[in-house]
Amino acid sequence: MSSHPPSSGDVRALYEEFPYPLPNSGTEPIYDVAMGLDLVLPSLDDCQVMDAGCGTGHRLVGLALQYPDTEFLGVDFSEHSLSVARELAKNHECDNVSFRHAEIGGEHLGRDFDLITSTGVIHHLADPAGGAAWLQQHLKRDGIAYTWYYHPYGEFDRLLSRRLVHTLMDHSVEDISKTVLADLGLALSVEQYGTRTSFAEVSAETQLAADADAYLHPIVNAYRFQEAADFFRDGTDWTVVHGINWDGGSSLIDSDHWAEGEFGTLASSDLFQSGRLREVFAGMPPEVQLDCVELRLRPTGFTLLSGNEAGLDRCTAQTRANVRNANLLRMSAC
Ligand SMILES: C[S@@+](CC[C@H](N)C(=O)[O-])C[C@H]1O[C@@H](n2cnc3c(N)ncnc32)[C@H](O)[C@@H]1O
């Protein structure tokens, strides 16, 4: 039985045992972050990018292969994950990526970045605000942060199941961590965060890594859009919702075009079939529109973009429009 509040050491121990997203370096990179990055920054040439909490590097190597003229650094505190990541990069002859063992929230790395990606990390930190501040301290003046979080509305059932798993494990006299998920019939849906684009196939080891992260993890937080944005209030001028994921789907936000919904972006018709309700939606202030998006779609996850005024020039028109219309840092901090 454990009674101490979970610590950063407990988080590291989980990833030493269950490196994420895949423990096997003979697998393919994951391109979901890489595929959409040109919708954030039209060019990454000659840029320096950090992936904070890169894990086994599948998303980072996807990025490094997609952008051969950009220098990438993967940072993680799990040696096991980093050893898989190094091997994966070698297997794919990726010479524009390096790795560093470091703790997010620990000492400054001594260099700044044009772009920092950190997907699925901040919500697992013992000090999430401190971790987000550490990321901001590593941004160049015109640097951009790309971060991804769990959302409590779409994750409600999963988070309750995780609490049940922990309650059972905490009260068992023997270690049931290897059997409890099967005994409860729990397995994370492969479409929990959208359509299955990230993995070519779902193997037993993919499922195990996802299930360990989803149900056995000692620290899991989930945030509404505004709550996560508030982590960036002190260190950046703007923070916007870039994309949302829900069970079976995902979309980008283009707040200039709610009515049309270009390919891949969310339209008001995705939220409301009724023309009457679409009209109500069109007349709402931006922060209330975002409330409606959360309440109607009940996301499982979402991506935020954050930066300073100086960084806006390097962003796409879609991101600039979102900053103009729906900068969460200009909205309430409650
Ligand atoms: C859910 S995994 C995400 C991996 C990768 N970003 C992805 O999306 O595939 C979280 C990663 O963050 C790392 N991590 C968690 N807390 C950390 C900390 N304080 N310092 C460094 N790495 C950390 C873990 O070791 C793990 O590899």
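A surface patch consists of residues with over 30% relative accessible area and no salt bridge, nonpolar side chains (Val, Leu, Ile, Met, Phe, Trp, Tyr) being joined within 5 Å and like charges within 9 Å. In this predicted model, local features need pLDDT of at least 70 and side-chain atom pairs pLDDT 80 or more, whereas totals for chains, interfaces and linings use all residues. Residues are numbered from 1 along each chain, and side-chain values use heavy atoms, without hydrogens or water.

Leu164, Leu168 and Leu184 form such a nonpolar patch, with about 230 Å² of accessible area together (Shrake-Rupley method, 1.4 Å probe, only the protein chains shown counting as cover). Leu184 belongs to helix α7, residues 180-184 (helices are DSSP runs of H or I, at least four residues, and strands are runs of E, at least two, numbered from the N terminus). Leu184 is partly exposed at 34% relative accessibility; buried means under 20%, exposed over 50%, and partly exposed in between.

Twelve salt bridges are found in the whole structure, each a side-chain nitrogen of Lys or Arg within 4 Å of a carboxyl oxygen of Asp or Glu. One of them joins Arg314 and Asp114 at 3.1 Å, N to O. Arg314 lies in the loop between α13 and α14 and Asp114 in strand β4 (residues 113-119), so the pair ties together parts 200 residues apart in sequence. Arg314 is partly exposed at 21%, while Asp114 is buried at 7%. Both belong to a salt-bridge network that includes Lys140 and Asp142.

Glu155 and Arg158 also form a salt bridge, at 2.6 Å, N to O. Glu155 is buried, with 0% relative accessibility, and Arg158 is buried at 4%.

Key. Buried means under 20% relative accessible area, exposed over 50%, partly exposed in between (1.4 Å probe, protein chains only).
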